[in-house]
Amino acid sequence: GSRDILVLLDTSESMNAQNPAPNRLERARLKIESLMDLCPADRFGLIAFAGDAAMECPLTLDHNYLRTVLRSIDTDTMTEEGTDIAAALKEADSTLEEDIAKSGEETRYSRAILLITDGEQVSGDAIKAAREMGRYAGIFVMGIGDPEGAEVTYPEWMKRYAPTQGSREAHLSKLDEKTLMQVATDSGGVYVRSRADNADIERIVQELEAMRAHA
């Protein structure tokens, strides 16, 4: 049978950082497309989040439709600034709850959540939300970015609202791996750091297959 893979994509301002190149959001897009290529029979859905979260594409077998949606998403998709992973997980939670009610499928092995984020300035209680999600699905977390940090320059209009240190219009954006690892492990999932090759996605697919073997 097919699996349900719900992708939670960070579209916060720091996803414009150019490490890895061309930028984090573009890298995330390519990773999601690679995953779809390796899981052609699975249903995919997409939730975008920054300071809040919204369902951009409900679970569907129509991968071409999802690709179209994916290409239209940018860091202006969500109006609320921030990185509220807990909000994204709550959105995922209610989506899966509805889906389970409709299909009567209780098995958590046929469902997975893929959270792609640079984990910067994580607000909300992401870890608590992850523990709760664990009853429906394991959360696979892909960290994109550099634990050492990369400079993010704010667009002109944001400088009026964003506190900048002195005259510097950039701030250091760091990958917060500690929190992300905990989000993954507390839900029974796995954390991987994004790589230039496809080893990260292959690892996730292996884990998905291992989960399926449990079922």
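**Salt bridges and burial**

User: Are D118 and R24 buried or exposed, and what does the term require?

Analyst: Both D118 and R24 are buried. Buried stands for under 20% relative accessible area, exposed for over 50% and partly exposed for what lies in between, with a 1.4 Å probe and protein chains only. This is a predicted model, in which local features need pLDDT of at least 70 and side-chain atom pairs count only at pLDDT 80 or more, while totals for chains, interfaces and linings use all residues. Residues are numbered from 1 along each chain as its sequence is written, and side-chain values use heavy atoms, with hydrogens and water left out.

User: What makes D118 and R24 a salt bridge?

Analyst: The closest N and O atoms of D118 and R24 are 2.7 Å apart. A salt bridge needs a side-chain nitrogen of Lys or Arg within 4 Å of a carboxyl oxygen of Asp or Glu, so the pair qualifies. D118 belongs to the loop between strand 4 (111–117) and helix 4 (126–133), and R24 to helix 1 (residues 24–38), so parts 94 residues apart in sequence are tied together. Helices (H or I, at least four residues) and strands (E, at least two) are DSSP runs, numbered from the N terminus. In the whole structure, the search finds 17 salt bridges.

User: Why is E33 called buried, and which salt bridge network includes it?

Analyst: E33, in helix 1, has a relative accessible area of 13% and is therefore buried. Salt bridges link E33, D37, R67 and R71 in a network. Leaving aside residues up to four places away in sequence, E33 touches R67, L70 and R71; contact means heavy atoms within 4.5 Å.

User: What makes the span of helix 7 close to the expected one?

Analyst: Helix 7 (residues 199–214) has 16 residues and extends 23 Å from first C-alpha to last, close to the 22 Å expected at 1.5 Å a residue. The expected span is 1.5 Å times one less than the number of residues.

User: Which residues of helix 7 are buried, and how do you know that they line one face?

Analyst: The buried residues are D200, I201, I204, V205, L208 and M211. Viewed down the axis of helix 7, they fall within an arc of 135°, so they line one face; the arc is that of the directions from the helix axis to the C-beta atoms. Q206 and A213, on the other side of helix 7, are exposed. The buried residues of helix 7 pack against strand 1 (4–10), helix 1, strand 4, strand 5 (138–143) and strand 8 (191–193).

User: Why are strand 3 and strand 8 called edge strands?

Analyst: Six strands form an open sheet of mixed pairing, in the order 3-2-1-4-5-8. Strand 3 (53–60) and strand 8 each pair on one side only, and these are the edge strands. Two strands pair if DSSP finds at least two bridges between them. Strand 5 and strand 8 run parallel and are joined by three bridges, so they count as paired.
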